[in-house]
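Please consider the structure shown below. The explanation that follows treats strand pairing, then charge pairing, and finally the surface.

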Amino acid sequence: MVSAPSGVGKTTIIRPVLENRPDLRFSVSCTTRSPRPGEVPGKDYHYLTREEFVAGIQAGRFLEWAEVHGKFYGTDGERIDRWLKSGDDVLLDIDVQGARQVRSVFPSAHTIFILPPSMDVLEERLRGRGTESPEQLTRRLAAARVEIQQFPWYDFVIVNDVLEEAIADLNAILRACRCDRAVQAPRLRSFLAPQIL
Ligand code: 5GP
(Lines give C-alpha, C1' and ligand atoms only; values in the text may rest on other atoms or scores of the structure.)
Protein backbone atom coordinates (compact mmCIF):
# COMPACT_ATOMS: atom_id res chain seq x y z
CA MET A 1 0.00 0.00 0.00
CA VAL A 2 1.34 3.40 -0.94
CA SER A 3 0.13 6.58 0.75
CA ALA A 4 1.22 10.16 0.29
CA PRO A 5 -0.22 13.61 0.80
CA SER A 6 -1.77 15.12 -2.29
CA GLY A 7 0.82 16.68 -4.64
CA VAL A 8 3.85 14.65 -3.50
CA GLY A 9 4.07 12.98 -6.91
CA LYS A 10 2.83 9.53 -5.96
CA THR A 11 1.19 8.83 -9.33
CA THR A 12 4.35 9.95 -11.18
CA ILE A 13 6.39 7.49 -9.12
CA ILE A 14 3.94 4.59 -9.35
CA ARG A 15 3.27 4.81 -13.12
CA PRO A 16 6.77 3.81 -14.40
CA VAL A 17 7.02 1.11 -11.74
CA LEU A 18 3.77 -0.45 -12.99
CA GLU A 19 4.92 -0.17 -16.62
CA ASN A 20 8.03 -2.21 -15.77
CA ARG A 21 6.17 -4.78 -13.71
CA PRO A 22 3.25 -6.09 -15.80
CA ASP A 23 2.82 -8.86 -13.20
CA LEU A 24 2.08 -6.32 -10.46
CA ARG A 25 -1.67 -5.77 -10.03
CA PHE A 26 -2.78 -2.20 -9.42
CA SER A 27 -6.10 -1.72 -7.71
CA VAL A 28 -8.10 0.97 -9.53
CA SER A 29 -10.14 2.63 -6.78
CA CYS A 30 -13.72 3.85 -6.87
CA THR A 31 -14.31 7.52 -6.12
CA THR A 32 -17.06 10.10 -6.08
CA ARG A 33 -14.69 12.90 -7.15
CA SER A 34 -14.81 14.14 -10.76
CA PRO A 35 -12.15 13.06 -13.26
CA ARG A 36 -9.23 15.49 -13.65
CA PRO A 37 -8.18 16.46 -17.18
CA GLY A 38 -6.35 13.52 -18.76
CA GLU A 39 -7.69 10.93 -16.33
CA VAL A 40 -9.26 7.88 -17.91
CA PRO A 41 -12.30 6.17 -16.32
CA GLY A 42 -11.48 2.58 -15.46
CA LYS A 43 -7.74 3.27 -15.58
CA ASP A 44 -7.24 6.05 -13.03
CA TYR A 45 -10.46 5.54 -11.07
CA HIS A 46 -13.93 4.11 -11.40
CA TYR A 47 -16.02 7.27 -11.09
CA LEU A 48 -19.23 6.66 -9.16
CA THR A 49 -22.06 8.91 -8.06
CA ARG A 50 -22.51 9.35 -4.32
CA GLU A 51 -25.62 7.15 -4.53
CA GLU A 52 -23.72 4.37 -6.35
CA PHE A 53 -20.92 4.56 -3.79
CA VAL A 54 -23.30 4.39 -0.81
CA ALA A 55 -25.05 1.42 -2.44
CA GLY A 56 -21.60 -0.21 -2.76
CA ILE A 57 -20.90 0.32 0.95
CA GLN A 58 -24.27 -1.20 1.86
CA ALA A 59 -23.64 -4.18 -0.43
CA GLY A 60 -20.23 -4.80 1.22
CA ARG A 61 -18.42 -4.13 -2.06
CA PHE A 62 -15.40 -2.38 -0.49
CA LEU A 63 -12.44 -3.92 1.32
CA GLU A 64 -11.99 -0.43 2.74
CA TRP A 65 -13.41 2.99 2.07
CA ALA A 66 -12.84 6.48 3.43
CA GLU A 67 -13.89 10.06 2.96
CA VAL A 68 -10.89 12.03 1.71
CA HIS A 69 -11.03 15.77 0.94
CA GLY A 70 -14.84 15.60 1.12
CA LYS A 71 -15.18 12.77 -1.44
CA PHE A 72 -15.53 9.01 -1.06
CA TYR A 73 -12.76 6.63 -2.11
CA GLY A 74 -12.85 2.84 -1.84
CA THR A 75 -11.14 -0.41 -2.81
CA ASP A 76 -13.09 -3.17 -4.52
CA GLY A 77 -12.74 -6.16 -2.17
CA GLU A 78 -13.75 -8.95 -4.52
CA ARG A 79 -11.01 -8.12 -7.04
CA ILE A 80 -8.31 -7.95 -4.34
CA ASP A 81 -9.38 -11.35 -2.96
CA ARG A 82 -9.19 -12.88 -6.43
CA TRP A 83 -5.68 -11.51 -7.08
CA LEU A 84 -4.35 -12.55 -3.68
CA LYS A 85 -5.77 -16.06 -4.09
CA SER A 86 -3.86 -16.30 -7.39
CA GLY A 87 -0.64 -15.34 -5.56
CA ASP A 88 -0.32 -11.99 -7.35
CA ASP A 89 1.40 -8.94 -5.86
CA VAL A 90 -1.10 -6.12 -5.46
CA LEU A 91 -0.37 -2.41 -5.17
CA LEU A 92 -2.90 -0.09 -3.53
CA ASP A 93 -2.76 3.70 -3.69
CA ILE A 94 -4.80 4.64 -0.65
CA ASP A 95 -4.89 7.20 2.14
CA VAL A 96 -3.88 6.63 5.75
CA GLN A 97 -7.41 5.70 6.91
CA GLY A 98 -7.70 3.10 4.13
CA ALA A 99 -4.23 1.69 4.78
CA ARG A 100 -5.12 1.12 8.43
CA GLN A 101 -8.33 -0.69 7.47
CA VAL A 102 -6.51 -2.96 5.00
CA ARG A 103 -3.81 -3.70 7.61
CA SER A 104 -6.50 -4.88 10.01
CA VAL A 105 -7.74 -7.38 7.39
CA PHE A 106 -4.30 -8.31 5.98
CA PRO A 107 -1.76 -7.87 8.83
CA SER A 108 1.19 -8.83 6.61
CA ALA A 109 0.43 -6.13 4.02
CA HIS A 110 3.35 -3.70 3.63
CA THR A 111 2.93 0.04 3.91
CA ILE A 112 4.95 2.70 2.11
CA PHE A 113 4.70 6.44 2.72
CA ILE A 114 5.98 9.04 0.27
CA LEU A 115 7.10 12.35 1.77
CA PRO A 116 7.89 15.62 0.00
CA PRO A 117 11.37 17.06 0.68
CA SER A 118 9.65 19.95 2.52
CA MET A 119 6.24 21.55 3.01
CA ASP A 120 7.29 24.48 0.79
CA VAL A 121 8.09 22.11 -2.07
CA LEU A 122 4.76 20.35 -1.56
CA GLU A 123 2.83 23.63 -1.77
CA GLU A 124 4.78 24.62 -4.89
CA ARG A 125 4.00 21.28 -6.59
CA LEU A 126 0.34 21.40 -5.66
CA ARG A 127 -0.02 24.95 -7.01
CA GLY A 128 1.98 24.03 -10.14
CA ARG A 129 -0.42 21.18 -10.87
CA GLY A 130 -3.20 23.75 -11.23
CA THR A 131 -5.97 21.17 -10.94
CA GLU A 132 -7.43 22.36 -7.63
CA SER A 133 -9.52 25.43 -6.81
CA PRO A 134 -8.05 27.76 -4.12
CA GLU A 135 -10.41 26.21 -1.52
CA GLN A 136 -9.43 22.67 -2.55
CA LEU A 137 -5.77 23.66 -2.41
CA THR A 138 -6.10 25.00 1.13
CA ARG A 139 -8.01 21.87 2.16
CA ARG A 140 -5.40 19.54 0.63
CA LEU A 141 -2.48 21.40 2.24
CA ALA A 142 -4.13 21.28 5.67
CA ALA A 143 -4.84 17.56 5.15
CA ALA A 144 -1.21 17.01 4.08
CA ARG A 145 0.06 18.42 7.40
CA VAL A 146 -2.16 15.96 9.29
CA GLU A 147 -1.33 12.98 7.01
CA ILE A 148 2.43 13.57 7.27
CA GLN A 149 2.21 13.06 11.03
CA GLN A 150 1.12 9.49 10.31
CA PHE A 151 4.36 8.51 8.56
CA PRO A 152 5.92 6.73 11.61
CA TRP A 153 3.16 4.11 11.30
CA TYR A 154 4.45 3.03 7.85
CA ASP A 155 7.00 0.28 7.20
CA PHE A 156 8.90 2.19 4.50
CA VAL A 157 9.39 5.87 3.70
CA ILE A 158 10.42 7.39 0.39
CA VAL A 159 11.35 11.08 0.11
CA ASN A 160 10.45 12.31 -3.36
CA ASP A 161 13.22 14.80 -3.95
CA VAL A 162 14.85 13.39 -7.10
CA LEU A 163 12.17 11.55 -9.08
CA GLU A 164 14.45 8.83 -10.52
CA GLU A 165 15.69 7.96 -7.04
CA ALA A 166 12.16 7.80 -5.66
CA ILE A 167 11.20 5.41 -8.48
CA ALA A 168 14.28 3.27 -7.78
CA ASP A 169 13.37 3.25 -4.07
CA LEU A 170 9.84 2.05 -4.79
CA ASN A 171 11.15 -0.72 -7.08
CA ALA A 172 13.61 -1.81 -4.39
CA ILE A 173 10.98 -1.81 -1.65
CA LEU A 174 8.54 -3.86 -3.75
CA ARG A 175 11.29 -6.36 -4.43
CA ALA A 176 12.13 -6.57 -0.73
CA CYS A 177 8.44 -7.03 0.12
CA ARG A 178 8.31 -10.04 -2.20
CA CYS A 179 11.12 -11.62 -0.15
CA ASP A 180 9.36 -11.09 3.18
CA ARG A 181 9.06 -14.51 4.83
CA ALA A 182 5.33 -14.02 5.46
CA VAL A 183 4.83 -13.40 1.74
CA GLN A 184 7.14 -16.22 0.60
CA ALA A 185 5.79 -18.89 2.96
CA PRO A 186 2.53 -19.73 1.13
CA ARG A 187 4.40 -19.78 -2.21
CA LEU A 188 7.02 -22.19 -0.84
CA ARG A 189 4.60 -24.52 0.91
CA SER A 190 4.62 -27.06 -1.90
CA PHE A 191 8.31 -27.97 -1.53
CA LEU A 192 9.23 -27.01 2.04
CA ALA A 193 8.09 -29.26 4.86
CA PRO A 194 4.95 -27.89 6.54
CA GLN A 195 6.64 -28.02 9.99
CA ILE A 196 9.35 -25.58 8.77
CA LEU A 197 6.72 -23.05 7.70
P1 5GP B 1 -6.71 12.06 -5.53
O2 5GP B 1 -8.07 12.70 -5.49
O3 5GP B 1 -5.62 13.09 -5.44
O4 5GP B 1 -6.54 11.12 -6.68
O5 5GP B 1 -6.58 11.15 -4.23
C6 5GP B 1 -6.80 11.72 -2.97
C7 5GP B 1 -6.42 10.72 -1.89
O8 5GP B 1 -7.28 9.60 -1.91
C9 5GP B 1 -5.01 10.15 -2.01
O10 5GP B 1 -4.41 10.22 -0.72
C11 5GP B 1 -5.21 8.74 -2.42
O12 5GP B 1 -4.19 7.89 -1.96
C13 5GP B 1 -6.52 8.44 -1.74
N14 5GP B 1 -7.19 7.28 -2.34
C15 5GP B 1 -7.25 6.91 -3.64
N16 5GP B 1 -7.93 5.78 -3.78
C17 5GP B 1 -8.30 5.40 -2.53
C18 5GP B 1 -9.02 4.28 -2.00
O19 5GP B 1 -9.46 3.38 -2.71
N20 5GP B 1 -9.21 4.23 -0.66
C21 5GP B 1 -8.75 5.21 0.17
N22 5GP B 1 -8.96 5.05 1.47
N23 5GP B 1 -8.06 6.27 -0.28
C24 5GP B 1 -7.84 6.36 -1.61
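Two strands are taken to pair if DSSP finds at least two bridges between them. Strands (E, at least two residues) and helices (H or I, at least four) are DSSP runs, numbered from the N terminus. The model is predicted, and local features need pLDDT of at least 70, side-chain atom pairs count only at pLDDT 80 or more, and totals for chains, interfaces and linings use all residues. Residues are numbered from 1 along each chain as its sequence is written, and side-chain values use heavy atoms, with hydrogens and water left out.

An open sheet is formed by four strands in the order β4-β3-β6-β5, with mixed pairing. Its edges are β4 (46-47) and β5 (62-68); each has a single partner strand, so one side of each is left without a neighbour in the sheet. Strand β3 (residues 30-31) runs antiparallel to strand β6 (residues 71-76), and two bridges join them. Within this pairing, Cys-30 has Gly-74 of β6 as its bridge partner.

On the β5 side, β5 and β6 are antiparallel and joined by six bridges, and Glu-64 stands opposite Thr-75 in β6. The two strands form a hairpin with two residues between them, and His-69 in the turn has a positive phi of about 50°. Strand β5 is mostly covered, five of its seven residues being buried. Here buried means under 20% relative accessible area, exposed means over 50%, and partly exposed lies in between (1.4 Å probe, protein chains only). In strand β6, Lys-71 is partly exposed at 36% relative accessibility.

Attention now turns to charge pairing. Side chains of opposite charge can pair when their charged atoms come close. The criterion for a salt bridge is a side-chain nitrogen of Lys or Arg within 4 Å of a carboxyl oxygen of Asp or Glu. The count by this rule is eleven salt bridges.

One of them pairs Arg-61 with Asp-76, with the closest N and O atoms 3.5 Å apart. Because Arg-61 lies in the loop between α2 (50-58) and β5 while Asp-76 belongs to strand β6, the pair ties together parts that are 15 residues apart in sequence. Arg-61 is partly exposed at 32% relative accessible area, whereas Asp-76 is buried at 12%.

In helix α3 (residues 77-85), Arg-82 and Glu-78 are four residues apart and so separated by about one helical turn. Their salt bridge has its closest N and O atoms 3.3 Å apart. Arg-82 is partly exposed at 43% relative accessibility, and Glu-78 is exposed at 51%.

A network of salt bridges links Arg-21, Asp-23, Asp-89 and Arg-178. Within it, the side chains of Asp-23 and Arg-21 meet at 3.0 Å, N to O. Arg-21 is buried, with a relative accessible area of 17%, while Asp-23 is partly exposed at 43%.

The surface also carries patches, made of residues with over 30% relative accessible area and no salt bridge; like charges are joined within 9 Å, and nonpolar side chains (Val, Leu, Ile, Met, Phe, Trp, Tyr) within 5 Å. Asp-161, Glu-164, Glu-165 and Asp-169 gather in a patch of negative charge. Asp-161 lies in the loop between β9 (156-159) and α7 (163-178) and is exposed, with a relative accessible area of 54%. A nonpolar patch is formed by Phe-151, Val-157 and Val-159, with about 220 Å² of accessible area together. Val-157, in strand β9, is partly exposed at 37% relative accessible area.

Methods: Accessible areas come from the Shrake-Rupley method with a 1.4 Å probe; for residues, only the protein chains shown count as cover. Lys and Arg count as positive and Asp and Glu as negative; His and the chain ends are not counted. The place of a charge is taken as NZ of Lys, CZ of Arg, CG of Asp or CD of Glu.
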